[in-house]
Amino acid sequence: MDEYPLGSLDYDVPFLVVSGLTSTPTKPLLTDPSLREQGVLVRSELPPIDSREVKDILRFMQDSDVTSLPWSSLDSSRRHRFKIKTIGRELLLPPRRARLPDDLEAPVSAPVLHSPFSPLSPGSTLYPDGLIDTCWLQKHQQYIPSVYLCFYSLSSDLTLATLHDNQLKTDINAVKNALGQSGYKSRLVVVILSDQSPNSMSQFQDRLENIKKSTGLDPKTSLFVLPTRRPKAELESAVDSVLTAIFDQAMEYYRDLGRHSRKKRGRGVAPQPTVPPTSGTSHTLSLQGWHVRYDFKSAVFAEFRQELDVALRSYEQSYEILLGADVLETLPAWSPRFNDARLLADIIAIRILRCLFLMGQSTAAVKRWQAHHDRMGDFVDRRGHGTQNYGWKAWEARWCTVMANLIEKVKFPELEPSSMSLYRLPEKILSADRLQPWELLHHPGYWYRAAARHISQRRRLAASMPEDDRKPPDKAQARFTGKAYKYDTYMCPESYEEFPLDGPGVDYSQMIFDHLMLAKAEFQKRHQVRTAAELVLESCKELRRMKKWDQILALLTPLWRNMAFRMEGWWDITEALSWTLRAAAIEVSRKDLIVAIDWELLNKGFSRRPGWHYDITKSLDGLSTDNPPTINIDDEHLLSFLDASFVFKHEEGKAGQTCPAQLSIKSNSFSDAAPVVLEKIRIDFDGSLRTIIINQNSDETPTPSSSLYVTRATLKEAEEEDESVPDDVAESDSRETRTVLHGTADLTIFPGQTRVFELDIPLREPGDAKASSVQVTLAPESFILEYTMKIRETDSPDLWYSPFSTRKKTTRSNPQNIKVLPRPPKMEVKLAKMLEQYYANESIKLELDILNEEDADANAKLDVILHGHDIPGYKVQVIEGEERSCSASEESKLNSVSLGKIETSGSSKVIITFDPANGPTVYEMTIKVSYHLVSDPATPILQQAAYHLNIVNPFEASYDLLPRLHSEWPSLFDLGSIQGISREGEASDRPRGLAQRWALATRYASFAQGDLSILDLDVQVLATQGNVRCTTSRIEPASPDGLQISPKTIEEALFDLVAQKMSLDDQSPSTADLAFVIKWRRPESPDEAINTTTLPLPRFYVTVSEPRVLATISYSTSSTSSSSSLSSTASPPQLLFLDITIENPSSHFLTFGLIMEPSDEFAFSGAKTTTLNVLPVSRRSVTYRLLPLVKGAWIRPTLIVRDKYFQKVLKIIPTEGMKSDKDGVLVWVPPEDELDGDGDGE
Amino acid sequence: MAIAIPSIACLGVIGRNNNPLHITIFPSYDSSTHTLAPLRTPLQFSLLLSSTLDVFEFRTRHARGPNPTASSTTTGLVTGDFGLLHAVDDRLACYGFETNTGVKFIAVVDMRGRAGASTVLPPTSPTAATAGTAAAVGAATSGVGLRDTELKVVFRAMQTAYVRLLQNPFYDPEETGSVALALGARGPAAAAPGGGKRITSRRFAEEMRRIGEGWAPGVTVL
């Protein structure tokens, strides 16, 4: 839009000249010297006012100027719009009438003079047949104010008042007259400033009235009084109201002017020029031309009045006539007026567009834009030089730019970047129509872009010009050939300047680039990143023509690194961008970019560039080879033809073992591309695996170019030589030496080939590991390229290749992961000769065999941990080694018993001996052998074994204590015994009290699982209570070589227990705690290993103080008749002697009644009923002789013993050979033969 | 007199991840030479289609925004019809449609792509197609407009074709649909440039061609 003449497109707002506010010299309005010379001066004699308030007013005036503000169709809040110019006291107006040219001979009659801007005046550029030009617009925009606003001050000094007032009046009248004589209708408005406050103004009323009267100014419209003594805001609003009032004046002024032009148009005759044209054609402006002029004028005046619809109508009218049959059609294409008319058409069209925009009719504007374009195209085709030349394209480009500029100036809120819309919806009237999509007003970016496209077409057309036209013309020749008119030069240079044969012409590239950048900025503002990228790509083509390589790099490199096209698979775009960038990179030797781009473009998915070498090693050919760069790229940023995947064969592996894995690298390069020879491949892992580096080794079997080639690479562990860390002393100390796995192979990859490297990866540390990235390194002479490919987690199954071109899918997801389990220990811990059952009270000896089944010698240590209840002490003895013991405790642990070095497949013996346990219990024994191999001291290995030791009681026993008749009873007549008590009662430990005899029957059962040898049985008296002495003795002697007791059998043993009170006087009952002791051993264990099991007995009463009745039975035999005082016949009918002994340990005299009941089973002799007196501490016996009537049966002698005194029946206690039930004692009558046998036996 | 009428210059199917699935380019009628030729190069059409993605993103973001002002465009998000995405210049305009699975159909309309008086099919003899140059230029200017709804039939037909493609059990939409995903996850080579990740069905391509050639403003069935 800037290409149009200055002022031709300015937005018309009423022009206001303010005078008297500033004394500083201002730029005169009229600059043209010829006009200045003839100008009309309106001068005021009074000096400009100068005060603080005036400065405020001046500033406010300047702020009210709207020329710098954007046009806004919506800003209706403003009550006035002015273009404001401040001057001193002098206003120079252009002459109303042009002078006759000096060289013109005076005409006969008085010439009719016209405005110097009119085509009628010979001095005008338009003379004689021009239409209108910008000078006329300038006249109204810059020279002639609608209102001449003069500021004067009112003196408040009363002494000078009259003088001042008179000066004021004179001056105002002078200005008024001067303005009136100038011929212009500019309104004069006077503002009188007073330094008083508004309230005190009434005192000046008369003076002001006087001024008003003598100047004839209307106080409502043209004379204002402004008291300045008031707050600033109030002053401003007062000035604002003055301006508002003036605005009406200005409107009136432009209305008058508009009316005047319409009147002139209405005359219907073309005015005659001052002097008829004599030179050139004598053609004068036609009536239609005058109509164009008048309509244009009225339109401009309407625009001044802000009456956009009126202006639009007038412009349209003017435009129609201009392009109608009588004006533009009549102009020949060679005429300079032709281009002037086109310019006018453009200006009118632009002004129409502006009106439409300001009225918010964006779609109508685009339609109008298109219409003008099409109309001009059609017109140029018919009347001008056609549309197939650079001039037309230049205009088209300009026409697009104009639209973009207009849109930018109008600032539609719908098109602001923040509004998030790309185009403006059509106005309501048009929204129902079938619209061209382009007719929805798009943001300026689109228009700039269209302009750029037209410029490139302009270049194309310019380039197609024949060379003759591009030579600077020989002037004389040009006239004859008419070559000057061959091209459309409307607002663009001649063909020989447009695209000269030599020397610079129009810099199309720069133009295109500038437009594209403008467009890009607009698109970028609206986050249209892809479009912006497209524009960048386009602009880089221009930069390439301009050879501005650095700029290309600056624009394209960020885009190339991170473009959406690559991510989203727009390969053709990616490719185009890459080639463009590469071309620039070559020029500035950006080696990293060149190599990276070449690397990417090797992918055969891109289209093939014919004749390209497709050899990465040749990338930097032609560039200097010193300082070969190291280039790091990765697959995050670019596509490569290489694709790596890594597969572990197994999901799990154990430390110390190896796991087969495959690294497959697939090449997707062009089939005729050079094979890629890698320098090395580096596989990095996340987790516990070591980095693998495979180096190129051309000595290995070379790779065939088959589509799949599987290689095995053996790996060796080695310390990594860390190249990246410089030889810094401090660094090198702290640097960890990392072990890496090295392998070698031929690393040539042919196009389309899948190289598979099968690796046996030693697993070292347990944990999860994952192949994270594969880095391939290329190192031709000129550069080093490191390309990193991430191994990504994916759902797609990976393939496991076999050498025979078969492949199978691994079913696991994420086969690049492996779980390394801890190294399985091969140290074996064995418990030799573990017995089935261990018993309490035996010491347990465990023999541990530790076997080294590793491939190497191992240094081992042993931990023994015992859990359980009542852990006995134990000791651990390593054969030929350490011996350690541990005392009994709740939980015990023996740590780090050194086993020393165990040779491979050797073993070490450890004996663990437990002290005997007291009772049944359970131990958990854990044996841990921690060791490391001599070959690999870093890997600790742990083997452990747990044992469950269940210890049971081998025996259980039950007991019966049976009363027996003791043979001894102290005799009251035995002085020795009695005196002994009294004499040495305290000192002597010999018991002298009553003694009672018992039989202790123990039945013990073996709970062992195997036979046990009972070596000895014993009853021990652990303790006695109540001054008693107990002695026990075994009734039958133990067999000397022991008794074999089988599992779950019960044996019985009888013991004799005699308890004797220490003193005869002591008659209290007493108890004894006894223990049954079994000495035993396992039959298989050696003789000396005797175990003792002590079974405690419940507490027994061993003496009682109550009287007791004991029954004893004895059988008469042929040989004996010990108690046969009553028996006379030792005849075959057997006699039984039943002795009833009543013991009275008490100190009472007791009387018992005995009643023997008769029975069917036997006959008896003895007192049927008798009374027995028992003295204290004495006993008496009664004997019954029984003759059983039955044989081989139990008979029940029913004897009742009653304490006479207490009338209490005493229980008769059976002794040996008898038993009792609830009814009384039973006596066994043996059968005859048995009796005999028994008798024989006794 | 021949009036240049709109025709389809390019049909594009773009996947969920903004990856191109299918592009068909149709020749436009060139009034100056009376020939049919694509208006732009395939690369330019690719750029054009990808630039519409900006608008799709833009609209989607805008629709989620607090204050949607453009009334006709927001309704598009319900039906999937985005209407006019943008006009590239005075000839080409892009219309868009997005399925609920995020697959986008884009029709690039050449507003003066076809000589109206001649038949829909390319004229057998170019010279016979139209009258004088001036008339053609004049006619082109006052070309028929277009309403957003007139493209609906195109998108419906494209969607039908696409659905038919999906019904083919041998077609794996994930394979084509997740290029960017694959690119992110698998390394780029899996998403082989220009390779098989696009729709390769010949039937689909023929269908696209039929739709593009058969459409003209006012056509209600495709």
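Helices are DSSP runs of H or I with at least four residues, strands are E runs of at least two, and both are numbered from the N terminus. By that rule chain A has 24 helices and 55 strands.

This is a predicted model: local features need pLDDT of at least 70, side-chain atom pairs count only at pLDDT 80 or more, and totals for chains, interfaces and linings use all residues. Residues are numbered from 1 along each chain as its sequence is written, while chains are lettered from A and ligands numbered from 1 in the order in which they are written.

**Chain A.** Select the whole chain. Of its 1242 residues, 39% count as buried (20 or more other C-beta atoms within 10 Å of the residue's own, with C-beta atoms placed from the backbone). Take contacts between residues at least 6 apart in sequence: 75% join residues at least 24 apart (a contact means C-beta atoms within 7 Å).

**Chain B.** Switch to chain B, with eight helices and seven strands. Here 49% of the 222 residues count as buried. Contacts between residues 24 or more positions apart make up 64% of those with a separation of 6 or more.

**The cores.** A nonpolar core is a set of buried Ala, Val, Leu, Ile, Met, Phe, Trp, Tyr and Cys residues joined through C-beta atoms within 7 Å. The largest has 271 residues; among those with the most contacts inside it are Leu16(A), Leu322(A), Ile348(A), Ala93(B) and Val108(B). Next, select residues 336-358 of chain A: this is helix H9, which gives the most to this core, 14 residues. Apart from that core lies another, of 32 residues, including Tyr1004(A) and Val1177(A).

**Last stop.** Pick Ile348(A). Leaving out residues up to four places away in sequence, Ile348(A) touches Phe296(A), Tyr315(A), Ser318(A), Tyr319(A) and Leu322(A).

Technical notes
Buried ≥ 20, exposed ≤ 12 C-beta atoms within 10 Å, placed from the backbone. Contact = placed C-beta atoms within 7 Å.
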